[in-house]
Structures are given as C-alpha cells and as structure tokens.
Amino acid sequence: MNESTPLSPIGWRLDNSYARLPDSFYVRQAPNPVRSPSSVLVNDKLAAALGLDPAALRSPEGVAALAGNRLPEGSVPIAEAYAGHQFGYFTMLGDGRAVLLGEQLLPSGGRLDVQLKGSGRTPFSRQGDGRAALGPMLREYVISEAMNGLGIPTTRSLAVTATGQPVQRERELPGAVLTRIAASHLRVGTFEFAAGRGDKSDLTALADYAIQRHDPGLAELPAEERYLRFLEGVIKRQASLIAQWQLVGFVHGVMNTDNMTISGETIDYGPCAFLDTYDPATVFSSIDRNGRYAFGNQPSIAAWNLARLAEALLPLLHEKEEEAVRLAEEAVGTFADPFREQWLSGMRAKLGLVLEESEDDDEALIEDLLTLMKEQRADYTNTFRNLTLGELGEDALCLTPAFGDWKQRWKLRQHREAGVTDEQREALMLRSNPAVIPRNHRVEEALEAAEAGDLTLVERLLHVLENPYAYSPEQQEYASVTRSDAPYRTFCGT
Ligand code: AMP
Ligand code: MG
C-alpha cells in the first residue's frame, strides 16, 4: 500500500501485515454473508479517528462491509490461530466467530486491527455457530466504550450491525456483528500456539512481528536482549492495566490466556461487570464456579498468565534452557512491584493525596477503608464518589464509628501535605473517582430496550459514560444503585 492508493468513499486504507506471517498463524477466511443487514450503532468519533466516514458506514455499502457481505477494498480476511489456558487448562483455539479484515492505516499514523466478531463459522469454530447475538455485542460496545471513557486501555467498538438472522441460544435471539478495533489481536495465547507447535522460526517471526507492532524501539536490539525486553514490556503493560481495573472495580470475568493481549488492552467483554458492593471475592460469571477470576484474584491470575507467556518465549530467551528459565522467572517476578506502585498511587489520588511523597501509613489508610467498605457492604464507586463530593452520612458505612475515626485520620493525612489547597485536592479526586460506571441494571435495561428496537437508552448510556469524570447533572441518576437480593450474574452463552 502506498500514498497513491485511491481512497474509497468510506475511507478504508487497509493493510494486511498479519497475513504476511507464516501460514500456520491464520487461515484465509471471508466473513459469511447475512440475510438482511442493518446498522444499529456506528461510533462517529472513532470512525473519524480511523479516517472513516461515519455516514458512509451507515450507507448500504458501509452496512454491507460491516455485516461481512462485501469485503472492503484492500482486505485480506483471515481467522487468527491461537491457543489458550481456559480456566487453567491448555487448548488449541482460534477465531471461531471472528475474522480480521485487515489493519486500517490511520490518518495520524499507525495502524489498528479491524475485526468482525460474529461473522460466521471458521475452521476454528468447533461446535459453535460462529455467530453472536445482538444483546452481548451491544454489551461489548457499551462496556468497551465505557472503559475508554475511564481512560483504560481497551479494544474499541466501531459498530454493531444487525444480521437480520436469528441465533439459537437458550432461546432464539436476534443476531449481530460487532466491528472491533484493536491495537492488535495478538494474545498470550498466540505465543502459546506458536510454542505448542514447536517451530522456533515461527515463534521468532511472531515475536518480531509483535515487537514491530507494539515495541518498535526494541527491534534493533541484539536477539539476546530483544525478546527479554519484549517480555518485560508486556508484563509492564499488563501490570498497569490490571492496576487500572482494580482502581475502578472492573471484573473481567474470563481471564483466560487467550483473552489477554500483548498490547496491554482490555479484550473480550463477555461475562465482565463492575463491582457494586465492595468484596474482593466478587464473581459475576455463571461459569466461574470456583471463583478463579474473582475481583481480588485478578492480579495473581495476570501474573500466572504472564508466566505462560514467559514459558512460551523460553526458546528465544537463552540457548541454555536453565538460563532461559531463570530469566523468565525473574521477568515474571517484575509484575508485582509496578502493579502495586500504580495501584497505590491511584488509590492515593482517589483519596485526594496530591504530592508524590507517600507516608509509610498510606497503605494502611487505604486498606483500612477497604476493610470497612467490605464489612459494611459499601458500594465501591459511590463510596469514592461520596468522599469526592463530601456527601458523607447517608449510607451504612458512614454511620459507623469506625468510619468516623478513619475519616479523621484521612483528613489529618490530607492536611499534612504542606502547601496543597482544598481546590487541588478536590480537582484530583474529581479526575480520579468516576461519577458513573456502567451499572449492571442500567446496562441490562438499555440492552432490553435495544433488543425490542428502541436504542434511546443505549445512546443515553453511551453519552453519560463518555466522560465518567464529568460529574454532570445527567450523570446523577446513573449513579444510583438498585440492590436486588439475587447476586448479579453474567452468562458466557454469548
Ligand atoms: P471467548 O470465551 O469469547 O474468549 O471464546 C473462546 C473461544 O470460543 C474462541 O476461540 C472463540 O472464537 C470461540 N467461540 C465463542 N463463541 C463461539 C461461537 N458462537 N461460535 C464459534 N466459536 C465461538
Ligand atoms: Mg476470547
């Protein structure tokens, strides 16, 4: 592709670098056409950032492309091969219901994957139908865009397109295709796939490709250093990502190694949800019976997954296996510190501690608040929101004497920050504590209406979540918690 390639009315400028990897990493697979596609949602701002015309994406030609009925020019569609540890067990997988159309070359430079999810069967589909239902695709759209609004690295959602065909789940549901945009779809599981096949030259090609896309600064390093630095880079990005999840109370729900990216983006919004009541043992997913992916386990699971990446990379780390293992273990050991540091500094910001210098007791101040929140079953987001707005006193937590004591310690701690004004503290808290998150009942209510053909609630929700730190009047009603007796459950049958 070069500068003289003519632009289409939609604005596609696709390259297909993944399809230039060795053959084992993908199969050529066109999306399967659908009966009567129609546009449900198009993300105007994201489209513009990609150099695509949102109006053209809503036109018959655009809808045909987003439904998989007509290939955009320049597309070499593929299904990617990968493996993964699912709930701890190794399996060979691959895109069973997605195809990569290619990489859109951005007006600002760089490239992003354009993937259709729910686009029909592929050689990796196993027993699956290759399709997706409208509700779960809208859910991924809403929650991924909410994550983006929160400033957390994530794949994005460009569009949801109805297929006009039902999909059979527990009951018949309307089908849809999600257009997912990602820094890449390289996963920990992609490396496990290469390592599992035992072909060192393919593994090397994959690592060099990942470096080119995500760590181009490492490309010139000698091999002995390059792959170790690459591994350390992935670990650092994941440590940062998981710290950000923990700070906003995000539960991914299915942190299998095939759902962990090399780029450091959150990927695969299946059974995920945000905490309401604070409890590290929180699990939303109906299939996670042992709580492997509970909120409080996410950091240790991430480290476990990264150990699988390190294992896959062993042949590239050192010629001598013993030395490679030592380097890998050392690298995986580097997850904990940056994770803890970023989490602590994020928590200090949530409490309005402005200065860089921390005190030894800051950690205890944070942990003690979390303990009280857990004991009183306090809402995670709203506790910090209330601390930010000074709206203390109404809920169970604030009425306890222990909270009174904690609050006094907190205020004293704030005032030990010499020279910091109340305004500075407030400004920091406002940008560190979201006023809104995608509340489970709000998401459900919006999806239900959308399935019945009314998109107004989804659109309002998306608008409110676009800048969750705005503290705008319309966000107020979205902050309320409705408690039901039954714990919230998410389902994988998407
Ligand atoms: P996930 O749990 O969404 O990460 O998916 C795990 C694996 O199952 C991936 O390889 C998916 O492509 C595949 N998969 C999920 N749903 C379907 C489906 N309806 N048809 C075919 N493959 C699927
Ligand atoms: Mg997945």
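Which residue with a positive phi follows helix 16? That residue is Gly-453, and its phi is near 100°. The model shown here is predicted.

Step back to helix 16 itself. Helix 16 covers residues 440-451, which makes 12 residues. From first C-alpha to last, helix 16 reaches 16 Å, close to the 16 Å expected at 1.5 Å a residue. Several of its residues are buried, among them Val-443, Ala-446, Leu-447 and Ala-450. An α-helix has 3.6 residues a turn, so residues three or four places apart point the same way. Asn-440, Arg-442 and Ala-449 are buried too. The cover over the buried residues of helix 16 includes helix 4 (134-149), strand 12 (273-274) and helix 17 (456-466).

Two of these covering elements also pack on each other. Helix 4 and helix 17 meet at an angle of about 20°, with axes 8 Å apart. Angles under 35 degrees count as roughly parallel, and helix 4 and helix 17 are therefore roughly parallel to each other. Their crossing is right-handed. Helix 4 brings Tyr-141, Val-142, Glu-145, Ala-146 and Gly-149 to the contact, while helix 17 brings Val-458, Leu-461, Leu-462, Leu-465 and Glu-466. Of these contact residues, 7 are nonpolar, 1 is polar and 2 are charged.

Now turn to another pair. Helix 11 (residues 362-375) packs with helix 12 (residues 380-389) at about 125°, and their axes lie 11 Å apart. Helix 11 and helix 12 are therefore oblique to each other. This crossing is right-handed. Leu-369, Leu-370 and Met-373 of helix 11 touch Tyr-380, Thr-383, Phe-384 and Leu-387 of helix 12. That contact has 6 nonpolar residues, 1 polar and no charged.

Definitions and conventions. Residues are numbered from 1 along each chain as its sequence is written. Chains are lettered from A and ligands numbered from 1 in the order in which they are written. This is a predicted model: local features need pLDDT of at least 70, side-chain atom pairs count only at pLDDT 80 or more; totals for chains, interfaces and linings use all residues. Side-chain values use heavy atoms; hydrogens and water are left out. Helices (H or I, at least four residues) and strands (E, at least two) are DSSP runs, numbered from the N terminus. The expected span of a helix is 1.5 Å times one less than its number of residues. Buried means under 20% relative accessible area, exposed over 50%, partly exposed in between (1.4 Å probe, protein chains only). Contact means heavy atoms within 4.5 Å. Axes are lines fitted to C-alpha atoms, for helices over the stretch in contact, and angles run from 0 to 180 degrees between N-to-C directions. Angles under 35 degrees count as roughly parallel, over 145 as roughly antiparallel, 65 to 115 as roughly perpendicular and the rest as oblique. A crossing is left-handed if the near helix is turned anticlockwise from the far one by less than a right angle, and right-handed if clockwise. Ala, Val, Leu, Ile, Met, Phe, Trp, Tyr, Cys and Pro count as nonpolar, Asp, Glu, Lys and Arg as charged, and the others, Gly among them, as polar.
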